[in-house]
Amino acid sequence: MKIFKKAIKIKPFRYTCYVIITNNILEERKNKKYKLEEANYLEEPLGLHCDGGTLYSYIFIKPNSQVNILAHEAYHCIRKLLRDIGAKQEEEVVAYLLDYLVEQLIKYQCQYQISLKDGEM
């Protein structure tokens, strides 16, 4: 099965979060095109956030990852963004960013499912 990759641009901060939807997170994470450091995991995760460098990161999720997994990985992304820009973790800023990222993750999951039904993947 092919992977689904989309970019979420967080424009006020010039931050990009690449979303990768795949059934095999660990195998896809090893793909050289992401240029991620080696990591050892004991078992396949339901979701994974990876630091991609300054002002960008990756969120790997499964097609059926539940919203709690999406929120968990989105939170890691927000913490990375705030560290990258040297900002404090302001409660309201985090809440708005979490809302936005989870909404985008759900939207991309839906697009992935539709593309499967339409035979695009």
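Where does G86 lie? G86 sits in the loop between α2 (67-85) and α3 (91-117).

1. **What you are looking at.** This is a predicted model, where local features need pLDDT of at least 70, side-chain atom pairs count only at pLDDT 80 or more, and totals for chains, interfaces and linings use all residues. Residues are numbered from 1 along each chain as its sequence is written, and side-chain values use heavy atoms, with hydrogens and water left out.

2. **The overall layout.** The protein chain has three helices and four strands (DSSP runs numbered from the N terminus: helices are H or I with at least four residues, strands are E with at least two). Reading from the N terminus, the order is β-β-α-β-β-α-α.

3. **How it packs.** The radius of gyration of the protein chain is 14 Å, which agrees with the value near 14 Å for a compact globule of 121 residues (taken over C-alpha atoms; the globule rule is 2.2 Å times the number of residues to the power 0.38). Buried residues make up 40% of the 121 (buried is under 20% relative accessible area, exposed over 50%, partly exposed in between, with a 1.4 Å probe and protein chains only). Of the contacts with a separation of 6 or more, 57% come from residues 24 or more positions apart (contact means heavy atoms within 4.5 Å).

4. Strand β1 (residues 4-10) pairs with β2 in the antiparallel sense over seven bridges (two strands pair if DSSP finds at least two bridges between them). I10 stands opposite Y15 in β2. Four residues separate the two strands of this hairpin, and R14 in the turn has a positive phi of about 55 degrees. As for β2 itself (residues 15-21), six of its seven residues are buried.

5. β2 and β4 pair in the parallel sense over six bridges. Look for Y18, which stands opposite Y58 in β4.

6. R29 is in helix α1 (residues 25-29) and counts as buried because its relative accessibility is 12%. Leaving out residues up to four places away in sequence, R29 touches Y34, L36, E37, E38, A39, Y41, L48, C50 and F60. R29 is also among the residues lining the largest pocket, along with L26, K30 and N31, to name a few. That pocket has a volume of about 200 Å³, and its lining divides into four nonpolar, two polar and six charged residues.

7. **Back to G86.** Is G86 buried or exposed? G86 counts as exposed because its relative accessibility is 68%. The C-alpha atoms of G86 and H49 are separated by 19 Å, and these residues are 37 apart along the chain.

Terms used. 1 Å grid on protein atoms, 1.4 Å probe; cavity = no way out; pocket = protein on both sides within 12 Å on 5 of 7 lines; lining within 4 Å. Points joined across faces, edges and corners; volume = space filled by probe spheres on them. Nonpolar A, V, L, I, M, F, W, Y, C, P; charged D, E, K, R; others polar.
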